[in-house]
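Visitor: I'd like a quick tour of this one, side chain by side chain. Can you walk me through it?

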Amino acid sequence: MLVDVAAALPYDDHGKDEAMQEIGTACDENRLSLHQSLSEGTSDLMRFHAKYVSASEAGDYYQVSFDTEDPGEDSTDPRGPDRPYLIIQRQFETLDGGQCYVETHDHGYVGHFHVRLTNFTRTCLAFEIARKRNTYVEVSCSSTRWSSRRCSAS
C-alpha cells in the first residue's frame with residue numbers, strides 16, 4: 001500500500017509570515033543604523049564595484065573573491081595596491097570562534113574578524129566588521145560574472 005507522505009504530514013506555516021516580517025524589520029533597522037553611523041562619521045566604509053566574482057571550496061574551507069580585474073586562471077598571484085579586491089574566507093575544520101578571514105587592497109580591513117552580514121544578493125555583498133574602525137564593507141557586482149570551483153584538498 002502506497003502512502004502519500006506529503007498528505008500524511010500536516011502543513012503548518014504558523015509563524016512564517018511573522019518571522020519573515022521580523023527579518024525584514026531587522027534588515028531595515030541595520031540599514032538605518034548604518035546610514036546614521038556613516039552620516040555621523042562614526043564608521044568607516046570601503047566600497048567598490050567588482051567585475052569578477054568567484055566562490056570556491058576545499059574540504060571545510062570556503063572562499064568568495066571579488067575582483068575589479070580578471071584574476072585569470074592562477075588567482076594566487078598577488079594583487080596590486082591600486083587594484084581593489086576583496087577575499088572572504090571561512091573554515092570549519094577547527095574551532096576559531098566563528099571568525100572570517102578578510103583580505104583586501106585596503107590594509108585597514110585585513111585580518112580575522114567576526115562579521116555580520118547586512119546584505120547579500122546576486123549584485124551586492126555588504127557586511128559589518130565587529131570593531132570600532134573600518135567597520136563596513138560593500139561590494140557591488142554584475143550578476144552575470146559569478147563563477148565557482150571546487151578545489152581539491154591538499
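This is a predicted model: local features need pLDDT of at least 70, side-chain atom pairs count only at pLDDT 80 or more; totals for chains, interfaces and linings use all residues.

Visitor: Which strand is Gln91 found in?
Guide: Look at the run covering residues 85-91. Gln91 sits in that run, which is strand E4.

Visitor: Which residue's side chain does the side chain of Gln91 join in a polar contact?
Guide: Setting aside neighbours within four places in sequence, Gln91 is in contact with Asp60, Tyr61 and Asp96. One of these also has a side-chain polar contact with Gln91, at 3.2 Å, and that is Asp96.

Visitor: And how far is the backbone nitrogen of Glu93 from a polar atom of the Gln91 side chain?
Guide: Here the Gln91 side chain meets backbone, namely the nitrogen of Glu93. The distance is 2.8 Å.

Visitor: Is Leu125 buried or exposed?
Guide: Leu125 lies in strand E8, residues 124-129. Beyond its neighbours within four places in sequence, its contacts include Phe66, Leu86, Ile88 and Val137. Its relative accessible area is 8%, and the cut-off is under 20%, so Leu125 is buried.

Visitor: How many disulfides does the structure hold?
Guide: Take Cys141, which is buried at 6% relative accessibility. The structure has zero disulfides, and for Cys141 the nearest cysteine sulfur, that of Cys124, is 7.5 Å away. A disulfide needs sulfurs within 2.5 Å, so Cys141 is in none. The count for the structure is zero.

Methods. Residues are numbered from 1 along each chain as its sequence is written. Side-chain values use heavy atoms; hydrogens and water are left out. Helices (H or I, at least four residues) and strands (E, at least two) are DSSP runs, numbered from the N terminus. Buried means under 20% relative accessible area, exposed over 50%, partly exposed in between (1.4 Å probe, protein chains only). Contact means heavy atoms within 4.5 Å. A polar contact is a pair of N or O atoms within 3.5 Å; within protein, one must be able to donate a hydrogen and the other to accept it, and residues adjacent in sequence count only if both atoms are side-chain atoms.
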